[in-house]
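Biologist: Could you take me on a close look at one part of this model, the place where the two chains meet? I'd be glad if you then carried on to a helix pair as well.

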Amino acid sequence: MKKPRYLELEGRSFGYYLLLVILGCFIATGLAAFLYMEHEGHWVTRMDNQIVWGTPHVFAVFLIVAASGALNIASISSVFGKAIYKPLAPLSALLAIALLAGGLAVLVLDLGRPERVIIAMTYYNFKSIFAWNIILYNGFFAIVIVYLWMMMERRFNQYSKFAGLFAFLWRLILTTGTGSIFGFLVARSAYNAAIMAPMFIVLSFAYGLAIFNIVVVAAYSWSKRELGAALLMKLRRLLGLFIAAGLYFVAVYHLTNIYITQHHGVESFILLGSGDTNKIYMKVFWLGQILIGGIIPLLLIYAPALKGRTSMILASSLVILGGLSQMYVTIIGGQAFPLEIFPGKEVIESSFHDGVVNAYSPSLPEAMLGLGGVAIALFLVVFAIKVLRILPQSLADREIDPHYSEPQPAA
Amino acid sequence: MSDDQAINRDRRQFFGMTAAMASLAVAPGVFLSQVKSARAVATQAASDQNRWGMLIDTSKCASGCNDCVTACNKENGISGIHGTATDAQWIRKVTLRDKLTGYVQSLPLLCQHCENPPCVDVCPTGASMKRADGIVLVDKHICIGCRYCMMACPYKARSFIHEVLDEQKAVAPRGKGTVESCTMCVQRVDANRGEEDKTKHRDPACVEACNNNGHKAMWFGDLKDPNSEIVAELQKHGGQQLRPDLQLNTGVRYQGIN
């Protein structure tokens, strides 16, 4: 195994510029959506006083959770000493920073008063998990940037293991904070559960790795650099493990709720579509989160007949769709189910939509803002790998696999 | 002009300048101390010697009567703009039916002014706050419009302002992109403190309207004053919280929910 040689992308091809232009267009439409919503007020979206967090939050929370997961490859190499992943550690850190930037951009631009973001940084209520998250997000940027710097600067390489350990611990706390945004909410039946924090951590492993896999394969295919089969197989199996672990946590969360009588209402709402005319959350849960985001990717990963890149990319793409579905069910489904203000009573009349399943469907500006955040993250990566030495020149097995052995010539 | 005259002129100018600069330096201080003393009067009102609360007798709350809602909207300048899904509602009427007995009743629902408000816990900037006298408010100057308080409130008491507002009431400033809820007509509560004649004290608009129309289903008062009417009524007939399991110790209590 040799020391990897990092090299910027040449980035002068038509395809490279086309990719930047496409991502730039998505960013521009996202910004246009933001200006429209900010100027008119949120009534132009489908968010209202019932569904207060809509599609922008689905994208924002997904990107933030995926950001911490994207750091996994770096953590596995620095903290757990897996040498084969070491050459990819800088890309892992870069992707983590970029995804967090994209997610936070969406979150901030969807605020009622986005120009007051400085207030969020200067006025802290330390009992608020949201306030803690603001510190955790800013800290994540700082720590991962330092970590990346220590990996890229030869003189500081020796400290990168320590920085990597610190970044790993920070990301665990960060995703605990993100999950606890929901876990700490006592009012709503779908939340108010300690398992939200570890569940978000395990789900982040899969979401972050799925995006990472696609970025690696795209970067190496399009730049015509070598990408070894052994590395791909490891990434593929790791994704399978994370998907299975995520499904386990989702199962425990629902089984606990099914056992507790108080939560039967919300469980039959999500799992069976009770009270939901179009059974939208039931469909998004079973088809989107479980089938498309869990079972099909597992089959694609573990089916003995499938070993190529295509099946891995397909599995990774489905995990991303499943992740967005999970966020939709968690965030919007959790709000669509009515608040239990009067246990044992049914609301037969209210001017404020009490006691009914709240209607919601994404509006165009919300979707544009959310996709704009994805584009910001990808644009940052595509730009950074051209100007910084992030990508190893080759990821061929003979270069990076410590267990690599030359194929024996036929006798 | 002799040298002495020139020196005197310079001295006069010097003294004049010094006096002007001293005035400039001192004036803001004098002005600010006046502002400070004016503020001191205002902050005196929110004392933890009081805990403002309400009691609602649902058996007296008439089905179909909306006077409390109308009065609140008028007092605080709330009006329908883009429909019930996005319009602000600080108080609303709700009709309930018991799932077992089928008993139907009607009641007003508003911010419960909890002692331990979840909206205050979750607010990242501290814009959601509880005054010393128990009234839960939103500081519109530092609300960033994240809506986390709306996620956290068990009573759905809060509204987000979804559009530009015109013609606001001076007593109830509101703003696009911020969250708001019932203030217990804090403008009236604070005005009462300067009025020694208790017969001139005004109840919140909803309570006043309910009394004026003769239903008398709502009481407002100081839960810490053993001589107040609301405490007497609570001691006589009790009063329950909504979602008592959450142990928020609400400042709004109900009678007759069964």
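Modeller: Happy to! Let's begin with the strands: β1 of chain A, residues 345-350, pairs with β2(B) in the antiparallel sense, over 5 bridges. Within this pairing, Glu346(A) stands opposite Arg97(B), a residue of β2(B). Do keep in mind that the model is predicted.

Now for the wider contact between the chains. Chain B puts 45 residues into the contact, and chain A puts in 39. On the side of chain B that touches chain A, the elements giving two or more residues are β2 (91-98), α3 (118-122), α4 (148-152) and β6 (159-160). Of these, β2(B) gives the most, with 7 residues. Sorted by class, that side of chain B has 22 nonpolar, 12 polar and 11 charged residues.

Next, the helix pair, which lies within chain A. Two packed helices are described by the angle between their axes and the distance between the axes. Here, helix α8 (residues 196-222) of chain A packs against helix α12 (residues 309-336) of chain A at an angle of about 140°, and the axes are 9 Å apart. The two helices, α8(A) and α12(A), are therefore oblique to each other. The crossing in which α8(A) passes α12(A) is left-handed. Residues of α8(A) in this contact include Leu203(A), Tyr207(A), Ile211(A) and Val217(A), while α12(A) contributes residues including Met312(A), Ile313(A), Ile320(A) and Gln326(A). By class, the contact of α8(A) with α12(A) comprises 11 nonpolar, 5 polar and 1 charged residues.

How values were computed:
Residues are numbered from 1 along each chain as its sequence is written. Chains are lettered from A and ligands numbered from 1 in the order in which they are written. This is a predicted model: local features need pLDDT of at least 70, side-chain atom pairs count only at pLDDT 80 or more; totals for chains, interfaces and linings use all residues. Axes are lines fitted to C-alpha atoms, for helices over the stretch in contact, and angles run from 0 to 180 degrees between N-to-C directions. Helices (H or I, at least four residues) and strands (E, at least two) are DSSP runs, numbered from the N terminus. Angles under 35 degrees count as roughly parallel, over 145 as roughly antiparallel, 65 to 115 as roughly perpendicular and the rest as oblique. A crossing is left-handed if the near helix is turned anticlockwise from the far one by less than a right angle, and right-handed if clockwise. Two residues are in contact if their C-beta atoms, placed from the backbone, lie within 7 Å. Ala, Val, Leu, Ile, Met, Phe, Trp, Tyr, Cys and Pro count as nonpolar, Asp, Glu, Lys and Arg as charged, and the others, Gly among them, as polar. Two strands pair if DSSP finds at least two bridges between them.
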